[in-house]
Amino acid sequence: MEPNVRFWITERQSFVQRFLQWMELLDPTNLVLSIEKIEKSRQLLLTNQDASRHDVEDQRIQEAWKRSLSTVHPDSSKLIPVPFRPAAFLPFTAPMVFLSLLSVKNLKSMILPQVSFYTYTTAFNIINGNASYNRQPYESILLGTGVIASSTFFGLLPRFLQLRFSLNNILTRKALPVVFLTQVSAVNVIASRSFEPSRGIEVMDKEGNVIGYSRKAGTKAVKDTATSRAVLFGTSAFIPEVFSYFFKRTQFFQQYPWSLWTLKLSCTILVMGLMVPVSFSIFPQTGRIQCSMLEKEIQSATQEPELFYNRGV
């Protein structure tokens, strides 16, 4: 069995345990691991089938799990490209979220931040989604291009409405971009991983044996991930706007108006620094689904009461 799959199936963790686990996996040092170190860690885990994450007596086992879980895709057993590893998500997206929520006087200055943000998140969703179904490279490219274009359009829409109709009300000027960012980020996950509900993803028993492909499991995996993204970006966009609203009423802002940018950027990074591991921990990495909820052909192929599937990140 793929070591990463074995880990997520056997380690029945609570939300707090998953949060602490992701705090380790999001360590920036995981971005600079050499291929040689990763391969050695993988070999150690493959030769120690009974190795547990809680095997505190062997520091090498703990380090091997950290390296494997943070760099290797559980479905394909291939290395995740460095810019799209979970540890790279915060450094890439936090500045983009900050720039995409700035107040602007013309629409052109918002195009690059929006295109950059949705290009990265779309690629991240496709690369870190479930990869157990058959797909051709050109299908992912065409799908990703369409998702980036549509997400950018809807991401720019609230700014266009504000400039076109001179919406100066505080509610529409501040709340509308946050609402659109939250909704478009969730829909971006659903669209970029739309092959999973349509083609089905692998479901397996507790031993890792593949029972079949389920569209219902694919739908649940995408829905859970979309929910976690909405929580992540909704919270990360809302809290800095609230802080900025009250900060503008302080004497300090009257004396140093440029400090608003520094406060808003710092607040965005701090909130996202907390919310990234929180959102990744809301649902287990390997989801569980009752066999009775799956397709009839899968129910007839096993006696197991529940099956497992990779939710993706």
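View 1. A pocket is here an open set of points on a 1 Å grid over the protein atoms alone, with protein on both sides within 12 Å along at least five of seven lines, and its lining residues have an atom within 4 Å of a point. Grid points are joined across faces, edges and corners, and a volume is the space filled by probe spheres set on the points. The lining consists of His73, Ser76, Lys78, Leu79, Ile80, Pro81, Ile126, Ile127, Ala131 and Arg135. These residues divide into 6 nonpolar, 2 polar and 2 charged, where Ala, Val, Leu, Ile, Met, Phe, Trp, Tyr, Cys and Pro count as nonpolar, Asp, Glu, Lys and Arg as charged, and the others, Gly among them, as polar. The model is predicted, with local features needing pLDDT of at least 70 and side-chain atom pairs counting only at pLDDT 80 or more, whereas totals for chains, interfaces and linings use all residues. Residues are numbered from 1 along each chain as its sequence is written, and side-chain values use heavy atoms, with hydrogens and water left out.

**View 2. Asn130 lies in the loop between helix H6 (108–128) and helix H7 (137–165).** Helices are DSSP runs (H or I, at least four residues), numbered from the N terminus. Asn130 counts as buried because its relative accessibility is 0%, the limit for buried being under 20% relative accessible area with a 1.4 Å probe and protein chains only. The side chain of Asn130 makes a polar contact with the side chain of Ser132 (2.5 Å), a polar contact being a pair of N or O atoms within 3.5 Å, of which, within protein, one must be able to donate a hydrogen and the other to accept it, while residues adjacent in sequence count only if both atoms are side-chain atoms. A polar atom of the Asn130 side chain also lies 2.9 Å from the backbone oxygen of Asn310.

**View 3. The largest pocket holds about 260 Å³ of space.** Of the 13 residues that line the largest pocket, Ile170, Lys174, Glu241, Val242 and Tyr245 lie nearest its centre. Helix H8 (170–192) and helix H10 (215–247) each supply at least two residues of this lining, and the largest share, 6 residues, comes from H8. By class, the lining of the largest pocket divides into 7 nonpolar, 1 polar and 5 charged residues.

Note on methods. 1 Å grid on protein atoms, 1.4 Å probe; cavity = no way out; pocket = protein on both sides within 12 Å on 5 of 7 lines; lining within 4 Å. Buried < 20%, exposed > 50% of the residue type's maximum accessible area, 1.4 Å probe, protein only.
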